[in-house]
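This report describes side-chain contacts in one protein model. It treats charged pairs and then aromatic rings.

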Amino acid sequence: MKSFEKYLMIANRGVLIALLAAMAIIIFANVVLRYATNQSIEWAEEVARYMMVWLTFLGAGPVLRYGGHIAVENLQDSLPISWARAIRAFIAVMLTGFFIFIIWYGAIYVDRVQYQMTPTTQVSMSWVYGAMPAGGVLLLLHWLLIVRDYVLTRTFASDSHFDATASASL
């Protein structure tokens, strides 16, 4: 399981880095061309916007894994440990249901918009909406890998790349 977890993180980070780098290059090239030649790449803004959608959905899983999403934990902190665990178990069930909802309805949206085309690139909108179920699957995978520690001790993953506790204190 640890090797699966390791390769999942390597793949997820690699895709996120590639998306962000490509998006930055496209936008930078478009800005330079606009100011240097008075011409712009007509598809640049559309492609960058859709890459940002994919970046957001694919990046939500690692952020969840490291506890980077915003949370209000005052109630848990003020209750006895057994009650706090019960609240975290309830949260875990609700989040799992929400991730399944995202996957299910994301797949429905992908099917519904398959014949709708993007304005400039004329690519099926199902490629854009595909970010929703793909991100939902990654959210669910990352969540299932950390949910036990979250419920029992309210701990998240940490490594040399990211530590939510240290980031929250900035």
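## Salt bridges at R154

D77 and R154 are joined through their side chains by a salt bridge with an N to O distance of 2.7 Å; the term denotes a side-chain nitrogen of Lys or Arg within 4 Å of a carboxyl oxygen of Asp or Glu. Because D77 belongs to helix α3 and R154 to the loop between α6 and α7, the pair ties together parts that are 77 residues apart in sequence. Helices (H or I, at least four residues) and strands (E, at least two) are taken from DSSP runs and numbered from the N terminus.

R154 also forms a salt bridge with E73, where the closest N and O atoms are 3.9 Å apart. This pair likewise links distant parts of the chain, 81 residues apart: E73 sits in the loop between α2 (44–65) and α3 (74–78), and R154 in the loop between α6 (131–153) and α7 (164–168). The relative accessibility of R154 is 26%, so R154 counts as partly exposed. E73 is partly exposed at 24%, and D77 is partly exposed at 48%. On this scale buried means under 20% relative accessible area, exposed over 50%, and partly exposed in between (1.4 Å probe, protein chains only).

## Model and conventions

The model is predicted: local features need pLDDT of at least 70 and side-chain atom pairs count only at pLDDT 80 or more, while totals for chains, interfaces and linings use all residues. Residues are numbered from 1 along each chain as its sequence is written, and side-chain values use heavy atoms, with hydrogens and water left out.

## Other charged contacts

The structure contains six salt bridges. One of them joins the side chains of R148 and D149, at 4.0 Å from N to O. R148 is exposed, with 59% relative accessibility, whereas D149 is partly exposed at 40%.

## Aromatic pairs

How many aromatic pairs does the structure hold? There are five, where rings of Phe, Tyr and Trp (its six-membered ring) pair if their centres lie within 6.5 Å; planes under 30 degrees apart count as stacked, over 60 as edge-to-face and the rest as tilted. F99 and W143 make an edge-to-face pair, with 6.4 Å between centres and 80 degrees between the planes. This pair connects distant parts of the chain, with F99 in helix α4 (residues 81–112) and W143 in helix α6, 44 residues apart. Both partners are buried: F99 has a relative accessible area of 4% and W143 one of 1%. Ring pairs link F98, F99, W143 and Y150 into a cluster.

The rings of Y109 and Y129 are stacked, because their centres are 5.7 Å apart and their planes lie at 15 degrees. Y109 is in helix α4 and Y129 in helix α5 (residues 125–129), so the pair ties together parts that are 20 residues apart in sequence. Y109 is partly exposed at 38% relative accessibility, and Y129 is partly exposed at 31%.
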